[in-house]
Amino acid sequence: MKFDTPAGPNPIDRMKVVGQPHDRVDGPLKVTGTAPYAYERHAVAPGALYGFILGAAIAKGRIAAIDTRRADAAPGVKAVVSYLNAGPLGKGGKNTAKLLAGPEVDHYHQAVAIVVADTFEQARAAARLIDVDYVRGSGAFDLAAAAPTAPLTGGSSKEGSAAPKLDRVGDFESAFAAAPVTLDATYTTPDEAHAMMEPFATIAAWDGDRLTVWTSNQMINWAHEDLAKTLGFAPDKLRVDSPFIGGGFGGKLFLRADAVMAALGAKAAGRPVKVAMTRPMMFNNATHRPATIQRIRLGAERSGKLTAIAHEATSGDLPGGSPETATSQTKLLYAAPNRLIGQRLAVLDLPEGNAMRAPGEASGLMALEIAMDEMAEKLGLDPVEFRIVNDTQVDPEKPGRQFSQRQLVRCLREGAERFGWRARDAQPGRRRDGDTLIGLGVATAFRNNINMKSGARVRLGGDGVVTVETDMTDIGTGSYTVIAQTAAEMMGVGLDRVVVRLGDSDFPTSSGSGGQWGGNSSTSGVYAACVKLREAVAQRLGLDPAACDFADGEVRSGGRGVALTSAARDGELVADDTMTYGTLGKQYQQSTFGAHFVEVGVDAYTGEIRVRRMLAVCAAGRILNPKTARSQVIGAMTMGVGGALMEELVVDTRFGFFVNHDLAGYEVPVHADIPHQEVVFLDEADDKVSPMKAKGVGELGLCGVGAAVANAAYNATGVRIRDYPLTLDKHLDRLPEVGAMRRA
Amino acid sequence: MECTDGLHLSRRGVLAGGVASVAVAAAPAAEARLASAAPPAMMPVSLEVNGRHHDLRLDPRTTLLDTLRDHLQLTGTKKGCDHGQCGACTVIVNGHRINSCLSLAVQHDRDRITTIEGLGTPDRLHPMQAAFVRHDGFQCGYCTPGQICSAVAVLDEIKAGIPSHVSHDLATPMRPTNTELRERMSGNICRCGAYSNIAEAITEVAGAAA
Ligand code: FES
Ligand code: FES
């Protein structure tokens, strides 16, 4: 089915199942520990051996020699595989760095070898007995040092956001020079880690020349293509299966070393092998969100109307890599006739930079939305009003192009009302509660909507059960549940009559999970397959499909109702379809919007920042399940607090690696850091997007949160911090005098 | 400092790069001896897990976590870090919660262990498991068994009057306030960020139990 005209009325509009806050259908499995994640598939590969991966001890250079004799001779060892005996390997189309080093080493902790042994303890011990001689080369590891000479480079995040290398509208320089009120400030965001709770893990088993990997991957199709390409064999000999995924956030978008090394180890040992990457290896072995340096210039009339916007961002990546597209939202967010966007990319020899939840916008809004707060203050305007004054209903670069839907102003107004924004003192540093300075902050949330082609197969069994099969993944996003809701709504049955099977490359190819496209795209694919199944049912029952209503387990036509089950009495009915998209996404700018409100308390003595209240108001099309969608947003808000206050991969610029490469050193929010969170979804249905009339929320929830926290901290203290994370050392020496505060 | 060649590092460089040089330097004599030695002697250990008795012979290096996951195939208990940094491996041993990755199985001879599988099943959920489903106190589900085991133990700790860092008054009975719950649950990381919902789930169970 092709979606090329705006959706008319359809069965989803009934919203009897879709749009309801159903508990997750996979919930009982997850809370009882019976949902099998990749490393836990005992039944599929009984007697699997254990693999342990050794990572490179240098960031850049080459391996002069590997001596595995001591490891080979260690108890229980069945195989040791390095580049010396792995055979020729290709590189996945979506990988920047290859997944097995040798003889060149491209980054620290790049996989060097795998040891396969009878037990985990034996494999781990033997990995320490591999002697590797490295020749350390020189590399570039310091973004600040490389930035001044970094060339303009456009690019895509591979997850939906793109930035041109240089984009000009009007005459920015003249307008900025002429503007009565201007801001010119530079902001930095650090390298960040996905740090999903389930480590990269794979069980690999060969059957002759056929390979199956049970793994943890967000994009089955990409993993399938790239693993076949890496190993150099036909994709039809490979099966990838990933029904449960312990978090991804973009970290599991691509084929990773666990899958490649497990496959190589299993081949060498002639037996199935299971591998989980150790936590301390994940941070340097895999991808991360690259650090950025962002210069923002704003020029405005005294009324607050922006006349000039410039956003220039620099990030770094390995040779052949792509930029962190931090300027992407600035093309679309606020009106101004004169605009300049520039994206620079430095070559760095750190681990591979790549997509992490809301690549581009997450980092870009951390900077842009502080700049908007600073500018509002210069103009003497309320930050909510300043944003409203500069709203646009058309693409600012192409004024003939409308947004399919844009309710940013309503998000801001409704949020301000609910949050008690009026209580904010525009003069920072004046509200206090005992020894705590109190501040309120706001920021806009923005993330583009992306539609991806997505297929599904739907079966109606003789028992009346509707089974959906698609290689879509559920990474915590609620795919199982919203897909079940979609099939139930379309076929007119209860949620308990629907079975959803996901994550298997033998199923029809789906959108996968990334770029917040998964919910809308995958359910649209299921919608398409269900339309076909409805036709097959009607045909079997001798009815006109166009005149049939599917409800309450019945097919109704002309005042007559027939049990749906009767259509499959003589054999299962199966329908397969893929939803594809026409040009509506070009005709209309499709985006999601929101407003974040945050209250922080800053300890007047220590400078410690604590988040006290959070609210997000989101406008993101139809919400397929308010319960799971809300969870996506609060989870994103939590990650936003991490980005604002604590998350930073610390670079050793001498040796070229992330120093704090475990969960003790790389701090993420814990229970004590996160207060009760409120989320409001505006009632929307976007008919330009898909028959589901839905968009994504999972990344929107993160966009802007960091700036809302930073703006609240400024409102509390009067000290502006432009370098994330906002650790207390960055403002402690400039905080208001405690004595003065006491007297006041 | 410029470092272009591993053979010409200064002493300070070698020290600073200690982490980076682990594999380069990994040839101590002790390990070389171990390599040629016979497999380590196995040790017997008896565990009572979820009411069932197990007699095992284990490599003494095996953690309690790996014993549960790999030897007893109780994979409800998760490995998030293997370093005591995330709480995914939380189980209840003799009534107290621990990070099972941080202790060896042989330290637990004759101990009574409750894992997530011992609390409830999909058809017969423990009240805490049911509350997590109702409040959507999880997303990917990987931290969830650890969160639930911790939550059950936390309510017992509060009932037993065990103070925490945020307990202000030790003379009056402990209350499962939001602050107490969040403080006590902070060893269980949820990167999906379900904290707000988890706090509501625990509060509901605490209220019902009070
Ligand atoms: S696995 Fe034990 S604390 Fe992380
Ligand atoms: S539910 Fe995914 S880490 Fe907590």
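**Helix pairs**

I started with α12(A) and α13(A), which are therefore roughly parallel to each other (angles under 35 degrees count as roughly parallel, over 145 as roughly antiparallel, 65 to 115 as roughly perpendicular and the rest as oblique). Helices (H or I, at least four residues) and strands (E, at least two) are DSSP runs, numbered from the N terminus.

Before going on, I note the ground rules. This is a predicted model, in which local features need pLDDT of at least 70 and side-chain atom pairs count only at pLDDT 80 or more, while totals for chains, interfaces and linings use all residues. Residues are numbered from 1 along each chain as its sequence is written, chains are lettered from A and ligands numbered from 1 in the order in which they are written, and side-chain values use heavy atoms, with hydrogens and water left out.

Back to the pair. The axes of α12(A) and α13(A) cross at roughly 30° and come within 9 Å. Axes here are lines fitted to C-alpha atoms, for helices over the stretch in contact, and angles run from 0 to 180 degrees between N-to-C directions. I noted a right-handed crossing for α12(A) and α13(A). A crossing is right-handed if the near helix is turned clockwise from the far one by less than a right angle, and left-handed if anticlockwise.

Which residues of α12(A) meet α13(A)? They are V482(A), I483(A), T486(A), A487(A), M490(A) and M491(A). Their partners in α13(A) include S522(A), V526(A), Y527(A), L533(A) and R534(A). Contact means heavy atoms within 4.5 Å. By class, the contact of α12(A) with α13(A) has 11 nonpolar residues, three polar and one charged. Ala, Val, Leu, Ile, Met, Phe, Trp, Tyr, Cys and Pro count as nonpolar, Asp, Glu, Lys and Arg as charged, and the others, Gly among them, as polar.

Next I looked at α16(A) and its partners. α9 (residues 361-379) and α16 (residues 705-717) of chain A pack with axes 8 Å apart, at an angle of about 35°. The crossing of α9(A) with α16(A) is right-handed. On the α9(A) side I listed L365(A), M366(A), E369(A), I370(A), D373(A) and E377(A). On the α16(A) side are G706(A), A707(A), A710(A), N711(A) and Y714(A). This contact of α9(A) with α16(A) has six nonpolar, two polar and three charged residues.

α15(A) also packs on α16(A), at about 55° with axes 7 Å apart. That angle makes α15(A) oblique to α16(A). The crossing of α15(A) with α16(A) is right-handed. M637(A), G640(A), V641(A), A644(A) and L645(A) of α15(A) touch V705(A), G706(A) and V709(A) of α16(A).

How many cavities of 30 Å³ or more does the structure hold? The count is 10. On a 1 Å grid over the protein atoms alone, a cavity is a set of points where a 1.4 Å probe fits but cannot get out, and a pocket is an open set with protein on both sides within 12 Å along at least five of seven lines; lining residues have an atom within 4 Å of a point. Points are joined across faces, edges and corners, and a volume is the space filled by probe spheres set on them.

The largest cavity holds about 460 Å³. Its lining has 34 residues, with T477(A), Q516(A), G519(A), Q632(A) and G698(A) nearest the centre. α12 (479-491), α13 (518-540) and α15 (626-645) of chain A each give at least two residues to that lining. I sorted the lining of the largest cavity into 10 nonpolar, 19 polar and five charged.

The second largest cavity is about 200 Å³. It has 19 lining residues, and Y39(A), P199(A), A276(A), M277(A) and K79(B) are closest to its centre.

The largest pocket holds about 680 Å³. Among its 27 lining residues, R401(A), N449(A), I450(A), G585(A) and Q589(A) are closest to the centre. α14(A) gives the largest share of this lining, three residues.

**Backbone spots**

I noted a cis peptide bond between G102(A) and P103(A), with omega about -15°. P103(A) sits in the loop between β4 (77-82) and β5 (104-105) of chain A. Another cis peptide bond joins Y724(A) and P725(A), with omega about -10°. A195(A) is not a glycine, yet has a positive phi of about 50°.
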